[in-house]
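Me: I would like to go through a structure with you, one topic at a time. Could we start once it is on the screen?

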Amino acid sequence: MEQVAQAFVTILIGVGGCALWYWASNTVLDTVYPARGPNAGPNISKANLIRPWLFVGPAVVILGAYLVYPVFNTLMRAFMDKTSTSFVGFSNFSWLLSDGKFHESMLNQLIWLLVVPALATFFGLLAAQLTDRIRWGNFGKSLIFMPMAISFVGAGVIWKFVYANSDGNQIGLLNAIVQALGGEPQHWLQLPFWNNIFLMVVLVWIQAGFAMVILSAALRGIPEDTIEAAIIDGANPFQIFFKIKVPQIAGTIGVVWTTITITVLKVFDIVYVMTNGEWGTQVLANMMYDLLFDQSDYGRGSAVAIVIMILVLPIMWWNVRNARKELR
Amino acid sequence: MESMAGKRPALSWAVNLSAAALVLLWLIPTLGLLVTSFRDKDQILASGWWEAFFSSEQTERFRTDPGAQAQVGAEWVIEGVVLPKGADSVAAWGLKATEPGALAPGETVDLGDGASLTVNEDGSYRLVSQTEVEDDRRIFVQSEVPPSFTLDGYRRVLTGEGIDKAFFNTATVAIPATIIPILMAAFAAYALAWMEFSARGVLIAIIVGLLVVPLQLALIPMKILHSNLGISGYLGVWLAHSGFGLPLAIYLLRNYMAGLPRDIIENARVDGATEFQIFFKIILPLSFPALASFSIFQFLWTWNDLLVAKVFLPSKEQEVLTVGIAKMMGSKGGEWDLLAVAGFVSIVVPLIVFFSLQRFLVRGLLAGSVK
């Protein structure tokens with residue numbers, strides 16, 4: 001109970017402090033430049049110059065401190081030594097290029113980038129297409145969408161039970177199925193190469209619902225007459241799906257694909273809790289965590305972070321370009 | 001579209017069946033955790049969770065206890081009970097590991113040297129010997145154990161393992177880390193949508209760019225900055241979560257607010273309402289759907305986060321659920337029962353939020369990605 005009260009008070013202070021700023025700063029501005037009296041006109045225009053910054057101010061400060069500054073700071077640290085005391089040129093990066101674990105991470109990351117967005121989009125599209133046509137579709141949709149709400153750690157626990165390998169009676173679902181089919185039970189998470197795929201399955205399981213929700217909305221947005229025309233021309237359901245529907249939602253598929261790609265680049269929790277990068281499952285984000293916090297090597301850790309950033313850049317550039325186009 | 005499936009019953013069946021298969025495939029892993037969390041510690045290790053609904057045949061090994069023997073007349077007698085855990089009767093028993101069910105309950109077997117052993121259906125056994133018994137004997141007992149579920153795991157986890165504390169810590173992190181960025185983002189989004197100022201276009205472009213910056217980059221610089229500024233504990237996590245959530249919040253809210261009808265805002269301005277009044281009395285209430293969407297995202301994200309909490313809340317006192325569970329998974333001990341319960345406790349709040357507010361979540365997703 002004490003804990004609850006404490007949490008409640010901290011919550012009040014945090015939120016109240018934030019609200020206070022907006023109220024107080026606006027009140028001060030209105031007192032200094034009142035919109036009434038002899039100077040109302042100039043006062044209003046002066047206040048209008050300042051007020052936007054009162055509104056965006058806290059957000060800009062926080063964004064600057066938590067996202068913009070760290071990017072440059074990390075860039076700097078990537079060229080410095082372990083403790084960020086002196087510059088070492090490109091030696092962190094050349095170490096990365098020669099490091100076996102980094103090669104493994106890059107290779108795995110590449111497979112993640114190919115497999116996860118592809119499978120999640122595929123299953124999302126399949127689920128959208130199937131559930132849109134049945135009466136209990138919305139119910140089915142929310143069950144497929146549900147893993148979205150589950151943490152990567154929670155998903156790790158859930159799938160650890162699926163992949164479990166025990167002596168005697170199998171308690172892991174996968175091994176029980178394999179055994180029932182006459183196969184040999186395996187330590188799935190220690191199986192070279194395939195363990196990567198088993199980790200990817202977890203993320204696909206989480207992300208497919210996201211893909212489904214977006215693609216289902218896009219599918220519904222397809223003009224009916226294009227489909228009717230295809231039916232009249234005698235197209236079968238598969239042709240309608242692949243030749244009429246998919247091309248019309250290609251743009252949305254692209255959005256889903258890139259969004260999942262970003263998630264994949266940052267994937268850390270799943271690998272961290274299930275294998276911690278052992279047995280050949282290392283990925284960039286986990287390698288970075290390991291370097292930064294377990295080995296306290298800020299130089300090399302930052303270098304890995306910069307590699308992740310470089311991989312994200314094309315998508316960032318593309319997004320900004322589209323946003324600017326829209327604003328015009 | 002519906003008409004297509006409707007016209008051909010066979011196709012309609014195929015669609016229904018494949019949809020059901022897909023939904024089941026997606027549901028089963030979570031179901032497994034839920035069922036496991038209600039099972040007995042020993043059962044979890046003895047059989048798969050899908051067997052929990054059926055009564056199972058269990059074999060357990062017992063030893064007779066020579067210390068409990070009593071002399072009755074000329075004979076030495078040992079009496080006791082051999083019943084597998086959770087069972088109330090014996091289905092069969094035996095003396096060898098290779099034939100654990102060779103004998104029927106009530107049957108008496110000759111052990112040699114004038115000794116005999118009987119195991120009854122109720123699990124009581126009686127060993128009778130002509131001489132004093134020196135060694136213990138193994139008895140294998142088979143029983144049908146009916147399905148049973150228990151709240152023991154929950155009781156243990158919620159009272160003794162620090163998970164209850166972690167639960168409140170998680171809430172302490174997640175709630176302000178949801179409300180603070182919404183407040184900031186709403187003000188900023190209003191300015192970016194409806195106030196004229198020179199830096200507007202650039203700011204919007206920067207925010208779109210920041211949407212995809214991996215938060216991993218921020219960890220070390222922020223940790224060092226925090227310790228230089230003396231920021232620690234919850235305040236640090238709130239600020240960090242606010243920073244990482246802001247780009248999406250501003251982006252979603254600005255898009256939504258920019259779509260509100262211009263007349264309302266301009267009429268209010270003409271009527272002499274201050275920007276502050278317009279914001280609170282008109283914009284905020286109208287933006288409710290977008291605010292709800294984002295708060296669900298941010299709440300799920302902060303509740304479920306592992307990385308930020310790990311880095312910014314190092315103290316054991318303030319450990320959140322995800323960190324605690326990650327530790328349990330890391331320590332190799334086979335505490336499957338605790339893990340299952342803790343895992344389920346950690347996902348239950350997000351699931352409630354998800355199922356009750358799903359339509360806002362969907363709306364937010366669509367606003368965030370479909371153009």
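Me: Which residues are buried in helix 7 (residues 173-180) of chain A?
Reply: Please keep in mind that this is a predicted model. In helix 7 of chain A, the buried residues are Leu173(A), Asn175(A), Ala176(A) and Val178(A).

Me: And what do the buried residues of helix 7 of chain A pack against?
Reply: They pack against helix 6 (152-163) of chain A and also against helix 2 (9-37) of chain B.

Me: Let us turn to the two chains. How many residues from chain B and from chain A does the contact take?
Reply: Chain B contributes 110 residues and chain A contributes 106 residues.

Me: What area is buried between chain B and chain A?
Reply: The size of an interface is often expressed as the accessible area lost when the parts come together. Between chain B and chain A, the buried area is about 9900 Å², and carbon and sulfur atoms give 81% of it.

Me: Which classes of residue are on the side of chain B that touches chain A?
Reply: That side of chain B has 82 nonpolar residues, 20 polar ones and eight charged ones.

Me: How far apart are Lys101(A) and Glu104(A) along helix 4 (residues 100-131) of chain A?
Reply: Lys101(A) and Glu104(A) are three residues apart in helix 4 of chain A, so about one helical turn separates them. Lys101(A) is partly exposed, with 34% relative accessible area, and Glu104(A) is partly exposed at 21%.

Me: What about Asp132(A), which residue does it form a salt bridge with?
Reply: Its partner is Lys141(A), and the closest N and O atoms are 2.8 Å apart. Asp132(A) counts as buried because its relative accessibility is 16%, under the cut-off of 20%. Lys141(A) is buried as well, with a relative accessible area of 10%.

Me: And Arg300(A), what is its partner in a salt bridge?
Reply: Arg300(A) pairs with Asp297(A), where the closest N and O atoms lie 3.8 Å apart. Arg300(A) is partly exposed at 27% relative accessibility, whereas Asp297(A) is buried at 7%.

Me: Which residues do salt bridges that share partners join into one network?
Reply: That network consists of Asp132(A), Lys141(A) and Arg220(A).

Me: One more topic. Where is Ser302(A) found, and is it buried or exposed?
Reply: Ser302(A) is found in helix 14 (residues 298-327) of chain A. At 2% relative accessibility, Ser302(A) counts as buried.

Me: What lies 2.7 Å from a polar atom of the side chain of Ser302(A)?
Reply: The backbone oxygen of Tyr298(A) is at that distance. Setting aside neighbours within four places in sequence, Ser302(A) is in contact with Thr74(A), Arg77(A), Ala78(A) and Leu292(A).

Notes. Residues are numbered from 1 along each chain as its sequence is written. Chains are lettered from A and ligands numbered from 1 in the order in which they are written. This is a predicted model: local features need pLDDT of at least 70, side-chain atom pairs count only at pLDDT 80 or more; totals for chains, interfaces and linings use all residues. Side-chain values use heavy atoms; hydrogens and water are left out. Contact means heavy atoms within 4.5 Å. Buried area is the accessible area (1.4 Å probe) that two parts lose on being put together, summed over both. Ala, Val, Leu, Ile, Met, Phe, Trp, Tyr, Cys and Pro count as nonpolar, Asp, Glu, Lys and Arg as charged, and the others, Gly among them, as polar. Helices (H or I, at least four residues) and strands (E, at least two) are DSSP runs, numbered from the N terminus. Buried means under 20% relative accessible area, exposed over 50%, partly exposed in between (1.4 Å probe, protein chains only). A polar contact is a pair of N or O atoms within 3.5 Å; within protein, one must be able to donate a hydrogen and the other to accept it, and residues adjacent in sequence count only if both atoms are side-chain atoms. A salt bridge is a side-chain nitrogen of Lys or Arg within 4 Å of a carboxyl oxygen of Asp or Glu.
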